[in-house]
Amino acid sequence: MSKLKDSSKYAYQGLETNGFFLKGSLPKDKAIELAGRDFSFQQVEDNRVGCALMVVKIENMKPWNIPLVNIKYPEAAWLLDKGNGDYLAVKAQTTLSMLPALSMSDNYNTDIGDISLNKNGENANVIVTSRKNGFTVELNEPSENTEFDKTLINNLWTRNKKGKYYRIPWAPNEAEGIYQMNCQITDDSLGKNVFGHEVMWNEKAIYFINRRHSCAPSYADQPFSEVQ
């Protein structure tokens with residue numbers, strides 16, 4: 001099946017012109033609290049499991065390929081890591097205008113946020129603010145050619161404000177450019193607000209350019225397997 005035919009099943013298609021993906025870890029008890037159940041999370045070390053933050057700037061979004069519709073917006077998603085690119089989103093931020101779409105169509109647990117991300121030469125910055133908390137990171141020394149894990153999201157579930165679980169049909173498209181960059185977090189009050197005060201972030205993050213965004217409305221679905 002061609003990529004064009006395969007992408008036709010996704011109602012929402014646009015372009016992630018800029019994207020940021022940072023992994024970290026948090027205590028397992030906090031992950032269970034956020035997820036609602038003890039799913040089989042990606043274990044990082046004793047009693048700590050994986051988490052991640054993905055921030056994207058989406059442009060040229062055309063729902064159901066409607067002519068003359070061209071939506072642009074930023075989005076931040078706070079994720080619990082199951083491993084192999086499978087994630088459960090427990091919180092998200094976006095603009096006021098996109099709040100209904102992310103809350104009802106995607107079923108994210110969504111707040112209003114101010115989001116910016118930009119890359120200028122060998123430097124980049126990402127800022128997410130919401131409810132008087134912020135996440136600010138400066139990135140530098142990009143490396144495109146060295147070997148590193150370029151996996152972003154392969155499969156995505158969400159948990160909405162009512163605690164119900166959904167799955168978003170998601171295409172794991174590759175980006176035109178993807179870089180591993182050193183990151184320095186100067187404000188993590190929002191990260192601590194979402195994941196708790198014991199959250200820890202990796203020293204290197206992924207910054208990517210021009211990734212095709214293809215997804216569809218969410219549907220009720222149990223996330224990855226629970227611990228037996």
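# A walk through the cavities, rings and strands

The residues around the largest cavity divide into eight nonpolar, one polar and two charged. In that tally, Ala, Val, Leu, Ile, Met, Phe, Trp, Tyr, Cys and Pro count as nonpolar, Asp, Glu, Lys and Arg as charged, and the others, Gly among them, as polar. Before you go on, note that this is a predicted model, where local features need pLDDT of at least 70, side-chain atom pairs count only at pLDDT 80 or more, and totals for chains, interfaces and linings use all residues. Residues are numbered from 1 along each chain as its sequence is written, and side-chain values use heavy atoms, with hydrogens and water left out.

**Stop one: the cavities**

Select Glu 16, Met 54, Val 56, Glu 75, Ala 77, Leu 79, Tyr 108, Ile 153, Leu 156, Trp 170 and His 213 to see the lining of the largest cavity. A cavity is a set of points, on a 1 Å grid over the protein atoms alone, where a 1.4 Å probe fits but cannot get out, and lining residues have an atom within 4 Å of a point. The space inside the largest cavity is about 70 Å³; grid points are joined across faces, edges and corners, and a volume is the space filled by probe spheres set on the points.

Now colour strand E3 (48-61) and strand E4 (71-83), the elements that give two or more residues to the lining of the largest cavity. Helices (H or I, at least four residues) and strands (E, at least two) are DSSP runs, numbered from the N terminus. Which element gives the largest share of this lining? It is E4, with three residues.

How many cavities of 30 Å³ or more are there? The count is two. For the second largest cavity, select Tyr 73, Glu 75, Asp 106, Tyr 108, Ile 168, Trp 170, His 213 and Cys 215. Here E4 and strand E14 (204-215) are the elements that give two or more residues to the lining. The second largest cavity holds about 40 Å³ of space, and its lining has five nonpolar, one polar and two charged residues.

**Stop two: the aromatic rings**

A pair of aromatic rings is described by the distance of the centres and the angle of the planes. This structure holds 13 aromatic pairs. Rings of Phe, Tyr and Trp (its six-membered ring) pair if their centres lie within 6.5 Å; planes under 30 degrees apart count as stacked, over 60 as edge-to-face and the rest as tilted.

Select Phe 20 and Phe 135: this pair is tilted, at 6.4 Å centre to centre and with 50° between the planes. The pair links distant parts of the chain, with Phe 20 in strand E1 (residues 12-27) and Phe 135 in strand E9 (residues 133-143), 115 residues apart. Both Phe 20 and Phe 135 are buried (under 20% relative accessible area, with exposed over 50% and partly exposed in between, for a 1.4 Å probe and protein chains only).

Next, select Phe 39 and Phe 224. Why is this pair edge-to-face? The ring centres of Phe 39 and Phe 224 are 5.6 Å apart and the planes stand at 80°, so the pair falls in that class. Phe 39 is buried, at a relative accessible area of 0%, and Phe 224 is buried at 4%.

Two lysines are worth a click here. Lys 150 lies over the face of Phe 148, at 4.3 Å from the ring centre, and Lys 119 lies over the face of Tyr 179, at 4.8 Å. A charge sits over a ring if NZ of Lys or CZ of Arg is within 6 Å of the ring centre and within 35 degrees of the ring normal.

**Stop three: paired strands**

Turn to strand E10 (residues 155-159) and strand E11 (residues 165-168), which run antiparallel and are joined by four bridges. Two strands pair if DSSP finds at least two bridges between them. Select Arg 159 and find its bridge partner in E11, Tyr 165. The hairpin of E10 and E11 has five residues between the strands, and Gly 163 takes a positive phi near 85° there. E11 also runs antiparallel to E15, with two bridges between them; look for Arg 167 opposite Tyr 219 in E15.

Most residues other than glycine have a negative phi, and most peptide bonds are trans. Select Asn 60, in strand E3, where phi is positive, near 55°. Asn 60 counts as partly exposed, at 38% relative accessibility. Arg 131, in the loop between strand E8 (123-130) and E9, also has a positive phi, near 50°. Is Arg 131 buried or exposed? Arg 131 is exposed, with a relative accessible area of 63%.

Notes:
On a 1 Å grid over the protein atoms alone, a cavity is a set of points where a 1.4 Å probe fits but cannot get out, and a pocket is an open set with protein on both sides within 12 Å along at least five of seven lines; lining residues have an atom within 4 Å of a point.
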